[in-house]
Amino acid sequence: MTGGYSLVQVIQHTIPTVSKHQLNSKKSMESVLKKCCETFIETQTNLLIGPLIALIAKYKQQSAIAKLRQQHREKQRKIHPLQKEEQEQKDDEEKKEEKDDGNVSVSASVSMSHDERQRILSELNAVLESFEHGLPSKVDALMQCMQLYLQNELTQRILLKPIISNMQTAFIQLRKIVIETDSQSAVKLSICDAISDHLQHIVQQTDR
């Protein structure tokens with residue numbers, strides 16, 4: 001009887017332990033797989049549109065710095081009211097110069113200097129021109145590699161869609177920058193629109 005009871009105890013304690021171990025192993029594998037997928041998506045996004053992401057980040061950083069400078073100037077005017085008229089006259093001259101240029105709005109001058117914006121817009125055009133000649137073919141090559149090494153179409157879609165979504169989000173942010181700086185005529189958005197249409201066509205094809 002004692003031996004039988006001991007055997008029951010062994011069974012009761014062994015089976016739950018094995019099940020728990022298997023469950024933990026499964027969760028661990030899922031965690032590793034999720035991390036690998038996230039790394040793949042992030043890496044491919046940077047390989048495809050890394051320069052654009054960097055420029056968007058640069059614009060946001062410089063805009064934030066410029067706004068802080070503007071806030072500091074306004075604070076100084078309150079502390080030194082005698083300098084207010086002189087500073088306002090200087091600001092008006094800067095705004096008039098940028099307005100006469102025709103590429104940048106007066107309201108945008110609060111955020112960033114004329115030279116800084118012109119430099120970023122020039123870099124944006126250079127990036128878009130490189131995208132026009134290379135980005136669609138790079139996306140197609142990525143899809144071919146995924147079809148070669150990932151036979152499961154569902155897995156291909158799960159990995160590809162976030163990459164395309166990241167790219168479309170970057171193009172949306174680019175359009176916002178162009179609107180904020182009133183630079184529609186200075187930036188080649190037609191390239192951006194053509195690539196966005198190409199990406200949307202890929203999404204529609206993969207959903208079939």
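Analyst: A word on terms first: contact means heavy atoms within 4.5 Å, and helices are DSSP runs (H or I, at least four residues) numbered from the N terminus. This is a predicted model, in which local features need pLDDT of at least 70, side-chain atom pairs count only at pLDDT 80 or more, and totals for chains, interfaces and linings use all residues. Residues are numbered from 1 along each chain as its sequence is written, and side-chain values use heavy atoms, with hydrogens and water left out.

User: Okay, which residues of α3 and α5 meet?

Analyst: From α3, L128, E129, F131, E132, L135, P136, V139, D140 and M143 meet I191, C192, I195, H198, L199 and I202 of α5. By class, this contact of α3 with α5 has 11 nonpolar, 1 polar and 3 charged residues, where Ala, Val, Leu, Ile, Met, Phe, Trp, Tyr, Cys and Pro count as nonpolar, Asp, Glu, Lys and Arg as charged, and the others, Gly among them, as polar.

User: And at what angle do the axes of α3 and α5 cross?

Analyst: They cross at roughly 10° and come within 9 Å; axes are lines fitted to C-alpha atoms, for helices over the stretch in contact, and angles run from 0 to 180 degrees between N-to-C directions. The two helices α3 and α5 are therefore roughly parallel to each other, a label for angles under 35 degrees, while those over 145 count as roughly antiparallel.

User: How do α3 and α4 pack?

Analyst: The angle between α3 and α4 is about 170°, with their axes 12 Å apart, and that makes α3 roughly antiparallel to α4. The contact of α3 with α4 has 14 nonpolar, 2 polar and no charged residues.

User: What about α4 against α5, what's the angle there?

Analyst: Helix α4 (residues 153-180) and helix α5 (residues 189-206) pack at about 155°, their axes being 10 Å apart, which makes α4 roughly antiparallel to α5. By class, the contact of α4 with α5 has 12 nonpolar, 4 polar and 4 charged residues.

User: Switching topic, which helices supply the lining of the second largest pocket?

Analyst: Helices α3 (114-149), α4 and α5 each supply at least two residues of that lining, and the largest share, 4 residues, comes from α4. Among the lining residues are M143, R157, L160 and I202.

User: What classes do those lining residues divide into?

Analyst: The lining of the second largest pocket divides into 4 nonpolar, 4 polar and 3 charged residues.

Definitions and conventions. Parallel < 35°, antiparallel > 145°, perpendicular 65-115°, else oblique. 1 Å grid on protein atoms, 1.4 Å probe; cavity = no way out; pocket = protein on both sides within 12 Å on 5 of 7 lines; lining within 4 Å.
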